[in-house]
Amino acid sequence: MADEAEPPEELICPITQELFVDPVVAEDGNTYSRADLLEWFSGRFCELNGVHSPLTREPISSERILPNRLAANLVMEWKNKHELQHPREPSPPPPPPPPSP
């Protein structure tokens with residue numbers, strides 16, 4: 001049985017193998033974390049070969065991406081269920097001290 005604290009594979013970015021952060025759909029129909037996909041598009045492979053899918057390495061015609069709200073909601077639900085905060089998200093600041101009398 002899989003560890004319940006491990007996110008399901010469908011919530012994992014195929015580029016980093018980490019939980020999605022700001023998931024987007026690329027022209028290849030796959031979902032990626034936005035920052036990781038944009039980094040891929042600006043990386044050496046695409047620089048030398050044009051824009052390609054990170055998964056298939058097939059050419060795609062544009063860097064156009066769309067938000068994947070379903071994946072974002074599923075990630076949020078999973079995190080809430082496991083009371084986790086994604087490592088890339090900053091911790092909330094501590095509350096301010098009470099005012100002095």
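Is D36 buried or exposed? D36 is buried, with a relative accessible area of 10%, where buried means under 20% relative accessible area, exposed over 50% and partly exposed in between, with a 1.4 Å probe and protein chains only. The structure is a predicted model, in which local features need pLDDT of at least 70 and side-chain atom pairs count only at pLDDT 80 or more, while totals for chains, interfaces and linings use all residues. Residues are numbered from 1 along each chain as its sequence is written, and side-chain values use heavy atoms, with hydrogens and water left out.

**Overall layout**

- The protein chain has three helices and three strands; helices (H or I, at least four residues) and strands (E, at least two) are DSSP runs, numbered from the N terminus.
- Read from the N terminus, the order of elements in the protein chain is β-β-α-α-β-α.
- Of the 101 residues in the protein chain, 30% are buried.
- Among contacts in the protein chain with a separation of 6 or more, 45% join residues 24 or more positions apart; a contact means heavy atoms within 4.5 Å.

**Sheet**

- The three strands make an open sheet in the order β2-β1-β3, with antiparallel pairing; two strands pair if DSSP finds at least two bridges between them.
- β2 (31-33) and β3 (66-67) are at the edges and have a single partner strand each, so one side of each lacks a neighbour in the sheet.
- Helix α1 packs on the sheet and touches β1, β2 and β3.
- The direction of α1 makes about 95° with that of β2; axes are lines fitted to C-alpha atoms, for helices over the stretch in contact, and angles run from 0 to 180 degrees between N-to-C directions.
- Strand β1 (residues 23-25) pairs with β3 in the antiparallel sense over two bridges.
- V25 has L66 in β3 as its bridge partner.

**Nonpolar core**

- The largest nonpolar core contains 17 residues, and L37 and F41 have the most contacts inside it. A nonpolar core is a set of buried Ala, Val, Leu, Ile, Met, Phe, Trp, Tyr and Cys residues joined through side-chain atoms within 4.5 Å.
- Helices α1 (34-41) and α3 (69-81) each supply at least two residues of this core.
- Leaving aside residues up to four places away in sequence, F41 touches C46, V51, H52, I60, E63 and I65.

- W40 counts as buried because its relative accessibility is 17%, whereas F45 is partly exposed at 31% relative accessible area.
- R57 lies over the face of F45, at 5.4 Å from the ring centre. A charge sits over a ring if NZ of Lys or CZ of Arg is within 6 Å of the ring centre and within 35 degrees of the ring normal.

**Positive phi values**

- R57 is not a glycine, yet its phi is positive, at about 65°.
- R57 belongs to the loop between α2 (44-49) and β3 and is partly exposed, with a relative accessible area of 40%.
- D22, also a residue other than glycine, has a positive phi near 50°.
- D22 sits in the segment before β1 and is partly exposed, with a relative accessible area of 41%.

**Residues brought together from separate parts of the chain**

- D36 is placed in helix α1. D36 and T16 are 20 residues apart in sequence, and their C-alpha atoms are 7.4 Å apart in space.
- N73 is in helix α3 and counts as partly exposed because its relative accessibility is 47%.
- N73 and P23 are 50 residues apart along the chain, with 9.7 Å between their C-alpha atoms.
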